[in-house]
Amino acid sequence: MVRDAGRHRRVHTPARHHRRYRHVRPTRPGLRPANSCTPNGGGHVAYFNFIRQELIPHVQATVGGHPERRALFGHSHGGSFVLYAVFSEAPGQHSFKAYLASDSSISCMTTTANAWERDYANAYSELPVRLHQSYATQGNYTANVDYAAAIAQRNYADLTFVARSYSGTHNGIVPQVLTDTLGFAFAGGP
């Protein structure tokens, strides 16, 4: 859905219906349980391909926009999807300029999520994006803190990275996270 928000148009692709969650819940072949919170995922690769190959071109053709002003936001399982997305594309090939992961449910899939980042780091030393990883003090705190520390220790070239804790519950932090991350995503852009 496209919404006009003042000077900027925003395209939202909600995945709130329970059947849509399978598209953002990752699995990794050979690793069980790949996602211990909500099994039966695995559509993340096809969903990201849809975003890259169909949704972005459609939006560009019908709404317009600038590639340097694209951001991908996700909360909970959607936040995990954002982390998958940022580590699934080679430097210079990223579909978005900013990746905004809010209280990602990576505690349910620690081995899988760690493999995304580790595999990327084994192949590349640069990560030319803006990445904001937020987490709730009463949410998926520990797993996100550990994940953020691993990213920070890599010292990826060209990465602008913010990891931030928000006081509150898993869903309670979303309004403040959206405010902060959208400012972060579009700071200094064209």
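The stops below go from the whole chain to individual helices, salt bridges and backbone angles.

**Before selecting**

This is a predicted model, in which local features require pLDDT of at least 70 and side-chain atom pairs count only at pLDDT 80 or more, whereas totals for chains, interfaces and linings use all residues. Residues are numbered from 1 along each chain as its sequence is written, and side-chain values use heavy atoms, with hydrogens and water left out.

**Stop 1: the whole chain**

Colour the chain by pLDDT, the predictor's confidence in each residue on a scale from 0 to 100. The average is 84, and 76% of the residues score at least 70. Select residues 14-22, where the pLDDT is below 50; beyond near neighbours in sequence, this stretch has 10 contacts in the model (contact means heavy atoms within 4.5 Å). Then select residues 27-33, where pLDDT also stays under 50. For residues 27-33 the model has 11 contacts beyond four places in sequence.

Switch to a cartoon display. The chain has five helices and six strands, with helices (H or I, at least four residues) and strands (E, at least two) taken as DSSP runs and numbered from the N terminus. Along the sequence the pattern reads β-β-α-β-α-β-α-β-α-β-α. Of the contacts with a separation of 6 or more, 73% join residues 24 or more positions apart.

Display the surface next. The chain exposes about 9700 Å², of which carbon and sulfur atoms supply 50%; accessible areas come from the Shrake-Rupley method with a 1.4 Å probe, and for residues only the protein chains shown count as cover. Of the 190 residues, 41% are buried. Here buried means under 20% relative accessible area, exposed over 50%, and partly exposed in between (1.4 Å probe, protein chains only).

**Stop 2: helix H3**

Select residues 110-123, the 14 residues of helix H3. Show the side chains of Thr112, Ala113, Ala115, Trp116, Glu117 and Tyr120, the buried residues of H3. Their cover includes helix H2 (77-86) and helix H4 (141-154).

Glu117 is buried at a relative accessible area of 3%, whereas Arg154 is partly exposed at 37%.

**Stop 3: helix H5**

Select residues 174-185. Helix H5 has 12 residues and reaches 16 Å from its first C-alpha to its last, close to the 16 Å expected. Which residues of H5 are buried? They are Val174, Val177, Thr181, Phe184 and Ala185. Look down the axis of H5: the buried residues fall within an arc of 90°, so they line one face of the helix. The arc is that of the directions from the helix axis to the C-beta atoms. Pro175 and Thr179 are exposed on the other side of H5. Among the elements covering the buried residues are strand S3 (71-75), strand S4 (98-102), strand S5 (130-138) and strand S6 (160-169).

Now display Asp180 with Arg164. Their side chains meet in a salt bridge (2.5 Å, N to O). Arg164 lies in strand S6 and Asp180 in helix H5, so the pair ties together parts that are 16 residues apart in sequence. Arg164 is partly exposed at 37% relative accessible area, and Asp180 is partly exposed at 21%.

**Stop 4**

The whole structure contains five salt bridges. Select Lys97 and Glu68, another of these pairs, at 3.6 Å from N to O. Lys97 belongs to the loop between H2 and S4 and Glu68 to the loop between helix H1 (44-62) and S3, so the pair ties together parts that are 29 residues apart in sequence.

**Stop 5: two positive phi angles**

Select Ser76, in the loop between S3 and H2. Its phi is near 65°, a positive value in a residue other than glycine. Ser76 is buried, at 16% relative accessibility. Finally, select Asp158, in the loop between H4 and S6. Asp158, likewise not a glycine, has a positive phi of about 65°, and at 54% relative accessibility Asp158 is exposed.

Key
Expected span 1.5 Å × (residues − 1). Salt bridge = Lys/Arg side-chain N within 4 Å of Asp/Glu carboxyl O.
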